[in-house]
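Subject: Structure handover

Hello,

Here is the structure for you to look through.

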Amino acid sequence: MRTLQQWFDEYAVSHQNETNIAIHYICVPAIFFSIVGIIMSIPSAPLQNLFNLNNPFVENWATMLLVLYLLFYLRLSFSMFLKMLVFSVICIVGNYYLGQYLPLLYTSIAIFVVAWVCQFYGHKIEGAKPSFLKDIQFLLIGPAWVVKKMFN
C-alpha cells in the first residue's frame, strides 16, 4: 500500500506547469463539488425512510458515499481525513443551498463539464496525460493534492 506522500509524489510528476496547477486549484474542487451535487440530486426517499432524521444534510446519497470516500483518506492520513471531511461538509452544505436557488442536477452537470474541459486544457499545456488514466485512484488523490497545496 502506498503512503499519501508516495501518491502525491507520483501525482506531482504530471503537474509541474504553473498554469496547469492553477487550473487544478479551481477545477479539482469544482469537479468534486459538482459530483457531490449530482449525487445529491438522486432521490433519497429510501434513506429518509431508513433514518427518519428529517435532515437533508445527512439523509442523501452523497453523504453516504462520502463516508466511504473519507475512509480512503483515513487509511492514508488522519490529518488529510480531517481536511477532506471539512471540504466534504462544505460541499454538502453548499450544494444544498445551491439547490434551493438553481436546479441542482443541471447546474452540477454544467460545472462538471466546464471543469473537466479546463482540466484537459491544463494537461494539454502541461504536455502530460492526466494521472487518473494511469490509475483510477488518482481521482481520489487529486482533491487531497489540491488541499495539501493550498494549506502549505
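Predicted model: local features only at pLDDT ≥ 70, side-chain atom pairs only at ≥ 80, totals over all residues.

The pocket

The largest pocket holds about 470 Å³ of space. Its lining is made up of 26 residues. To find the centre of this pocket, look for Ile31, Ile35, Leu139, Leu140 and Pro143, which are the lining residues nearest to it. The biggest contribution is that of α2, with 7 residues. What is the lining like by residue class? It has 20 nonpolar and 6 polar residues, and no charged ones.

Helices α1 and α7

Helix α1 covers residues 4-13, and it packs against α7 at an angle of about 90°. The two axes are 10 Å apart. Angles of 65 to 115 degrees count as roughly perpendicular, so α1 and α7 are roughly perpendicular to each other. On the α1 side, the contact is made by Leu4, Gln5, Trp7, Phe8, Glu10, Tyr11 and Ala12. On the α7 side, the residues are Phe138, Ile141, Gly142, Ala144, Trp145 and Lys148. Sorted by class, this contact has 9 nonpolar, 2 polar and 2 charged residues.

Helices α5 and α6

Helix α5 runs over residues 78-101. Its axis and that of α6 come within 8 Å and cross at roughly 120°. That angle makes α5 oblique to α6. Which residues meet here? From α5 they are Asn95, Leu98 and Gly99, and from α6 they are Leu104, Thr107 and Ser108. The contact of α5 with α6 divides into 2 nonpolar and 4 polar residues, with no charged residue.

Is Gln119 buried or exposed? Its relative accessibility is 5%. Buried means under 20%, so Gln119 counts as buried. Setting aside neighbours within four places in sequence, Gln119 is in contact with Asn20, Ile23, His24, Cys27, Val28 and Ile31. Ile31 has already come up, as one of the residues nearest the centre of the largest pocket.

Regards

Definitions and conventions. Residues numbered from 1 in each chain as written. Heavy atoms only, no water. 1 Å grid on protein atoms, 1.4 Å probe; cavity = no way out; pocket = protein on both sides within 12 Å on 5 of 7 lines; lining within 4 Å. Points joined across faces, edges and corners; volume = space filled by probe spheres on them. Helix = DSSP H or I, 4+ residues; strand = E, 2+ residues; numbered from the N terminus. Nonpolar A, V, L, I, M, F, W, Y, C, P; charged D, E, K, R; others polar. Axes fitted to C-alpha atoms, helices over the stretch in contact; angles between N-to-C directions. Parallel < 35°, antiparallel > 145°, perpendicular 65-115°, else oblique. Contact = heavy atoms within 4.5 Å. Buried < 20%, exposed > 50% of the residue type's maximum accessible area, 1.4 Å probe, protein only.
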